[in-house]
Amino acid sequence: QVQLVESGGGLVQPGGSLRLSCAASGSIFSINTMGWYRQAPGKQRELVAAFTRGGTTNYAGSVKGRFTVSRDNAKNMVYLQMNSLKPEDTAVYYCIADLRLTSSYYYTLYWGQGTQVTVSS
């Protein structure tokens with residue numbers, strides 16, 4: 001009933017920029033938090049950035065000042081602007097949305113399929 005579709009990943013040189021987009025679709029009643037996780041080879045998934053419905057943002061310390069998460073509530077979309085990219089940012093990036101379906105009483109965390117970001121010279 002819910003699909004999160006990510007786009008914008010790719011290969012970029014150190015110091016470059018990328019912008020990731022994620023659209024949530026389906027019979028959605030409400031979305032609380034939207035954001036981004038990432039998983040690098042041999043590492044656990046980590047929260048990169050989150051944006052609550054009320055407008056609060058949180059960032060991992062390693063990306064603070066370089067990444068910006070934004071959100072379009074009317075379109076059920078979340079974005080991640082990534083600047084000054086480093087090789088350490090190389091990972092699969094996953095869109096997440098904590099949302100309630102129109103057919104459900106509960107909020108559930110949904111995951112996108114992931115998009116590869118590679119930072120290399």
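This briefing covers the strands, disulfide, core and loops of the structure above. The model is predicted. The largest nonpolar core has 30 residues.

- S1 and S3 are antiparallel and are paired over 6 bridges.
- Within this pairing, Gln3 is opposite Ser25 in S3.
- Strand S3 covers residues 18–26 and is joined to S8 by 6 bridges, again in the antiparallel sense.
- Leu18 faces Met82 in S8 as its opposite residue.
- In a regular strand, side chains alternate between the two faces of the sheet.

**The S9 and S10 hairpin**

- S9 and S10 are joined by a hairpin that passes through 5 residues.
- The two strands run antiparallel, with 5 bridges between S9 and strand S10, which spans residues 107–111.
- Leu99 has Thr108 in S10 as its bridge partner.

**The disulfide**

- A disulfide is a covalent bond between the sulfur atoms of two cysteines.
- Here the two cysteines are Cys22 and Cys95, with sulfur atoms 2.0 Å apart.
- The bond links distant parts of the chain, since Cys22 is in strand S3 and Cys95 is in strand S9, 73 residues apart.
- The angle about the S-S bond is -80 degrees, and the link of Cys22 and Cys95 is left-handed.
- Are the two cysteines buried or exposed? Cys22 counts as buried because its relative accessible area is 0%, and Cys95 is likewise buried because its relative accessibility is 0%.

**The nonpolar core**

- In soluble globular proteins, nonpolar side chains tend to be buried together.
- Among the 30 residues of the largest nonpolar core, those touching the most other members are Trp36, Val48, Phe67, Leu80, Met82 and Tyr93.
- Two or more residues of this core come from each of S1, S3, S4 (28–39), S5 (46–51), S7, S8, S9 and S11 (115–119).
- S9 gives the largest share of the core, 6 residues.

- Ser30 is a residue of strand S4.
- Ser30 counts as buried because its relative accessibility is 10%, and the cut-off for buried is under 20%.
- The side chains of Ser30 and Arg53 are joined by a polar contact of 2.4 Å.
- Which residues does Ser30 contact, leaving aside its neighbours within four places in sequence? They are Arg53, Asp98, Leu99, Arg100 and Tyr107.
- One of these contacts, Leu99, is also the residue that has Thr108 in S10 as bridge partner.

- Most residues other than glycine have a negative phi.
- Asn76 is not a glycine, yet its phi is positive, at about 55 degrees.
- Asn76 sits in the loop between strand S7, residues 67–72, and strand S8, residues 77–82.
- Ser84 is a residue other than glycine with a positive phi, near 50 degrees.
- Ser84 belongs to the loop between S8 and strand S9, which spans residues 91–101.
- Are these residues buried, exposed or partly exposed? Asn76 counts as partly exposed because its relative accessibility is 23%, and Ser84 counts as partly exposed because its relative accessibility is 41%.
- The limits behind these labels are under 20% for buried and over 50% for exposed, so a value in between is partly exposed.

How values were computed: Residues numbered from 1 in each chain as written. Predicted model: local features only at pLDDT ≥ 70, side-chain atom pairs only at ≥ 80, totals over all residues. Heavy atoms only, no water. Helix = DSSP H or I, 4+ residues; strand = E, 2+ residues; numbered from the N terminus. Buried < 20%, exposed > 50% of the residue type's maximum accessible area, 1.4 Å probe, protein only. Pairing = 2+ DSSP bridges. Disulfide = S-S within 2.5 Å. Core = buried A, V, L, I, M, F, W, Y, C linked by side-chain atoms within 4.5 Å. Polar contact = N/O pair within 3.5 Å; in protein donor to acceptor, adjacent residues only side chain to side chain. Contact = heavy atoms within 4.5 Å.
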